[in-house]
Amino acid sequence: MADADVLVSDLFRREAGKISAWLARLLGPARLDLIEDAVQDAFGAALARWPLDGVPVKPAAWLAIAARNKALDRLKSEARLGPLDESAAWRLGFSDPEATGRLDDTLALMFVACHPTLEHDEQTMLTLKTVCGFGVKDLARAYLSTPEAVTQRLVRAKRKIRELALAFEIPEGAELAARLPALVQAIYLLFNGGYTSGEGKDLVARELCREALRLATLLTEHAATATGECHALAALICFHHARAEARTGDAGALILLAEQDRGRWDGALIARGFVHLRQAMSASALTALHLEAAIASVHAAAAAFEATDWAMLARYYRMLEELKPTPIVQLNAAIALAQAEGPDAGLARLEVLAGARKLAHYAPYHAARGDLLLKLCRRREAAAALAAALDCPLNDAERAFLAGRLRTCAENGTSDRRH
Amino acid sequence: MPNFILLLHQDLARPRPGSPDEFASMTKDYMAWADKIRAEGRLNGGEKLTDDPGKVIRTRAGRTAVTDGPYAESKELVGGYFIISAKDYAEACRLAEDNPHLKYGGRIEVREIEKM
């Protein structure tokens with residue numbers, strides 16, 4: 001019995017998205033609700049039947065058939081309010097339940113879920129729910145929200161999609177160019193969400209990162225979507241995700257780049273990242289994502305923190321600043337410059353950013369200042385900067401780390417640890 | 001094993017299911033048949049054609065003419081098809097006999113596909 005349970009929950013995540021995409025092709029994206037319910041019903045049926053009857057020979061096809069049958073039942077119930085959609089019923093009737101998992105279907109579903117008229121959170125939530133088979137509870141955990149609130153947002157998102165009356169397809173031409181950026185952005189946010197919420201200790205967060213990697217890879221596998229920017233996205237995620245194991249210590253504490261055991265980096269994933277990066281660079285347009293991926297590649301290529309090619313990094317950051325002059329990018333550019341040309345140069349750049357409102361309560365800014373001041377032996381100013389960092393929103397691991405730095409200041413701060 | 005195409009002909013004037021329940025149960029009959037043949041590993045394709053009568057192209061006296069279906073000579077349409085593998089016509093027909101299309105007043109044309 002327990003075996004069947006585990007099999008169902010494992011299968012669910014893997015198959016739910018495929019079956020949803022297949023049903024969306026048959027029934028249209030306006031029926032995402034019906035599709036979700038039918039898929040849910042099918043997995044409920046599997047949970048009830050498999051422990052008694054045994055696991056079917058082709059579990060995935062069994063689930064697809066069950067979901068298709070449930071979809072027909074629900075189509076029939078829908079007909080209480082109006083005429084039966086006979087054409088949809090026939091499409092189910094002639095469908096091939098062994099033809100789930102087609103790349104075209106999955107991408108078409110992503111284009112629906114990430115329609116630009118949806119808000120960012122709606123796009124990522126709906127993608128996780130329909131394409132990745134996440135449950136509402138998992139979503140609530142990932143978005144630090146309640147299941148009720150998540151459900152409400154999903155309902156709104158699906159209503160918007162119904163009203164848009166979208167075709168279920170990978171868009172072409174100008175339409176493709178207009179809609180692809182939302183997909184890239186959604187996957188980027190998905191990854192960022194998982195990455196920053198501590199993917200090392202939190203299973204859901206780690207799953208977010210894995211899904212982001214999977215979805216980005218899918219984009220690069222289809223001729224229509226394998227653009228330079230999509231390859232850059234895949235490369236960026238590969239490089240960052242390769243460090244997942246090395247980023248957290250035993251107690252879940254964050255380990256900074258400088259102190260990570262690079263032997264624990266995933267070499268195969270880094271190699272994959274470089275393949276994507278080469279593909280990205282062969283495209284004509286250079287985007288911010290290209291530079292972010294290139295920056296991540298410099299770290300990935302360094303055998304040790306001390307061996308990092310800081311000059312190259314500073315150059316990439318300077319180019320990124322031109323394309324994406326946000327305070328956070330400027331902060332990182334200043335840090336790279338400090339490594340390449342010395343703490344004075346970096347500090348000068350940081351002082352220019354002092355007025356940026358976004359950085360006033362951003363701990364890494366103050367921490368970086370403290371760090372450079374410490375290197376310049378301006379200990380009192382360094383202590384003030386670190387105290388300012390401790391006033392910013394922080395998680396426990398970061399707080400403990402900065403408090404330690406502040407103590408170093410009071411003693412004799414010349415250690416060389418930095419972010 | 002050779003492939004056979006089952007062309008599902010239907011009379012345009014055939015009686016149609018009256019209620020959503022009847023329609024859904026008819027659809028289920030088709031699904032059940034296809035699921036069974038598929039489970040035996042014999043189903044190699046099947047699609048429904050759209051409900052419109054389609055077009056007919058003819059050449060008369062060197063001129064090509066496109067007209068709307070249904071064909072003047074019949075009130076029948078091909079509504080869909082299945083491709084199944086069977087060892088001979090006898091077996092193909094035996095498999096086709098269970099197809100619910102017959103129960104719902106349709107006619108099935110069974111043709112062997114030339115092996116290339």
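Helices and strands here are DSSP runs, helices of at least four residues and strands of at least two, numbered from the N terminus. By that count, chain A has 21 helices and zero strands. The model is a predicted one.

**Chain A overall**

Chain A has 419 residues, and 43% of them count as buried. Its C-alpha atoms fill a box of roughly 80 × 50 × 40 Å along the principal axes. Take the contacts in chain A with a separation of 6 or more: residues 24 or more positions apart account for 63% of them.

Two packed helices are described by the angle between their axes and the distance between the axes. The table gives both values for two pairs.

| Helix pair | Angle | Axis distance |
|---|---|---|
| Helix 13 (267-281) and helix 14 (288-301) of chain A | about 145 degrees | 11 Å |
| Helix 19 (363-375) and helix 20 (379-390) of chain A | about 165 degrees | 8 Å |

Start with helix 19 and helix 20 of chain A. An angle over 145 degrees counts as roughly antiparallel, and these two helices are therefore roughly antiparallel to each other. Helix 19 of chain A passes helix 20 of chain A in a left-handed crossing. On the helix 19 side, the contact residues include Ala363(A), His366(A), Ala367(A) and Gly370(A). On the helix 20 side, they include Ala382(A), Ala385(A), Leu386(A) and Ala389(A). By class, this contact has nine nonpolar, two polar and three charged residues.

Helix 13 of chain A also passes helix 14 of chain A in a left-handed crossing. Helix 13 brings Ile270(A), Gly273(A), Phe274(A), Leu277(A) and Ala280(A) to the contact. Helix 14 brings His290(A), Ala293(A), Ala294(A), Ser297(A) and Ala300(A). The residues of this contact divide into seven nonpolar, three polar and no charged.

**A buried arginine in a loop**

Arg243(A) sits in the loop between helix 11 (228-241) and helix 12 (244-247) of chain A. Is Arg243(A) buried or exposed? A residue is buried if 20 or more other C-beta atoms lie within 10 Å of its own. Arg243(A) has 23 such atoms within 10 Å, so Arg243(A) is buried. Beyond its neighbours within four places in sequence, Arg243(A) is in contact with Gln260(A) and Trp265(A). The C-alpha atoms of Arg243(A) and Ile270(A) are separated by 9.0 Å, and the two residues are 27 apart along the chain.

**Where chain B meets chain A**

The contact between the chains takes 15 residues from chain B and 14 residues from chain A. On the chain B side, helix 1 (20-39) and strand 2 (43-48) each give two or more residues. Which element gives the largest share of that side? Helix 1 of chain B does, with ten residues. The chain B side divides into five nonpolar, three polar and seven charged residues.

Helix 1 of chain B has 20 residues. From first C-alpha to last, helix 1 reaches 28 Å, close to the 28 Å expected at 1.5 Å a residue. Its buried residues include Phe23(B), Met26(B), Tyr30(B), Trp33(B) and Ile37(B). Just after helix 1 of chain B, Gly41(B) takes a positive phi of about 75 degrees.

Note on methods. Residues are numbered from 1 along each chain as its sequence is written. Chains are lettered from A and ligands numbered from 1 in the order in which they are written. This is a predicted model: local features need pLDDT of at least 70, side-chain atom pairs count only at pLDDT 80 or more; totals for chains, interfaces and linings use all residues. Two residues are in contact if their C-beta atoms, placed from the backbone, lie within 7 Å. Ala, Val, Leu, Ile, Met, Phe, Trp, Tyr, Cys and Pro count as nonpolar, Asp, Glu, Lys and Arg as charged, and the others, Gly among them, as polar. The expected span of a helix is 1.5 Å times one less than its number of residues. A residue is buried if 20 or more other C-beta atoms lie within 10 Å of its own, exposed if 12 or fewer, and partly exposed in between; C-beta atoms are placed from the backbone. Axes are lines fitted to C-alpha atoms, for helices over the stretch in contact, and angles run from 0 to 180 degrees between N-to-C directions. Angles under 35 degrees count as roughly parallel, over 145 as roughly antiparallel, 65 to 115 as roughly perpendicular and the rest as oblique. A crossing is left-handed if the near helix is turned anticlockwise from the far one by less than a right angle, and right-handed if clockwise.
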